[in-house]
Amino acid sequence: MQDSNLPGSPELVTFGESMGLFTAQDSRGLEYASTLHKSFGGAESNVAIGVARLGHTSGWFGALGKDPLGDMIYKSIRGEGVDVSQTVRSVEAPTGMMIRENTAGRTSVYYYRKGSAASRMQPDQLSASYIAGAKILHVTGITAAISPSGLACVEAAIDIAAAAGVKISFDPNLRLKLWSLEEARGVLLRLAAKADYFLPGLDELKLLYDTDDNAAIFASLSKLKAVSIVKGGPDLTYVLEQGNVTEVPYFKADNVLDTVGAGDGFCAGFIAGLLRGESAVEATRLGNLTGSMVIQAVGDWEALPTWEQVEAKLGNKAHIER
């Protein structure tokens, strides 16, 4: 990507693979489903959309095939107010795809992303000035897992951000369908050591640190320079900052319909809180709220709340139907 004629950088910059998403509309599973619902998903684009809906500027870039799925994803993310000016459209590689089914209350995802345009991203495609002009760079372990060049892009982006004083947010998003735990452990912990904000789930940490002992996990996290935000406690999120642990309670979800996207919803709220000048604890409270709102509707990103909806929830304003 060229640095010339760039727009001003948004407050949040993130990048990764967004894929076409097809969901079986049948509880008997994909094998017997007669219809599929078409959408798209990607942890990083979900976060970018969430931050934009919460009233802040965000930019997402990646590589998409020059194909119908790529067109749909590009236009949809742009339509949510996210800057996509740095996205590459490839004529040589396709847009990735994933298919989801839900059988007996269990969700399974099948990925078709090998050789995708995103998996071929290279560090020399990154715009240093675009990243350096942001306030926060958000990266995930998914991009690191999809290919060696994906990992190289994550590491290059982190180096650019660190040199420019841009805060680095890292969600490990451990996906064992993409790599083994042994492969993931070394890479994800290395990246966590470079972050300013580390956003893991407690279950992920148990795997990464190979222990079920929360005290041992927190002791390991305390050695990082990052503020660690640990999701998935017993009805709460832990904030570890300068050796102190603060417990931030969840917001009660009245009607849980779809837990997919909860983590991205949390990240969007947390980052929006930081951009609003809130402390890590205050930003975590906002993240808990946005995460709880996401799971009360169906979709990876469609249920991400606007700031107006968050304000209404915080103020317990009554909904006026007509």
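User: Is E282 buried, partly exposed or exposed?
Analyst: This is a predicted model. In it, E282 has a relative accessible area of 45%, so it counts as partly exposed, the cut-offs being under 20% for buried and over 50% for exposed.

User: Which helix is E282 in?
Analyst: E282 belongs to helix α10.

User: What does the side chain of E282 reach?
Analyst: The backbone nitrogen of S279, at 2.9 Å.

User: And how are α10 and α11 placed, in angle and distance?
Analyst: The axis of α10 (residues 280-294) comes within 11 Å of the axis of α11 (residues 307-315), and the two cross at roughly 100°. That makes the two helices roughly perpendicular.

User: Which residues meet there?
Analyst: From α10, R285, L286, L289, T290 and M293; from α11, W307, Q309, V310, K313 and L314. The residues of this contact comprise six nonpolar, two polar and two charged.

User: Changing topic: what is the strand order in the sheet of four strands?
Analyst: The order is β3-β2-β7-β8, in an open sheet with mixed pairing. β3 (36-41) and β8 (106-112) are the edge strands; each has a single partner, so one side of each lacks a neighbour in the sheet. On average, neighbouring strands are turned by 25° against each other, direction ignored.

User: How many bridges join β2 to β7?
Analyst: Four, and β2 (residues 19-24) and β7 (residues 97-103) run parallel. G20 stands opposite M97 in β7.

User: Which strands does α2 lie across?
Analyst: Helix α2 (residues 68-79) lies across β2, β3 and β7, and runs at about 60° to β3.

Key: Residues numbered from 1 in each chain as written. Predicted model: local features only at pLDDT ≥ 70, side-chain atom pairs only at ≥ 80, totals over all residues. Heavy atoms only, no water. Axes fitted to C-alpha atoms, helices over the stretch in contact; angles between N-to-C directions. Parallel < 35°, antiparallel > 145°, perpendicular 65-115°, else oblique. Contact = heavy atoms within 4.5 Å. Nonpolar A, V, L, I, M, F, W, Y, C, P; charged D, E, K, R; others polar. Buried < 20%, exposed > 50% of the residue type's maximum accessible area, 1.4 Å probe, protein only. Polar contact = N/O pair within 3.5 Å; in protein donor to acceptor, adjacent residues only side chain to side chain. Pairing = 2+ DSSP bridges.
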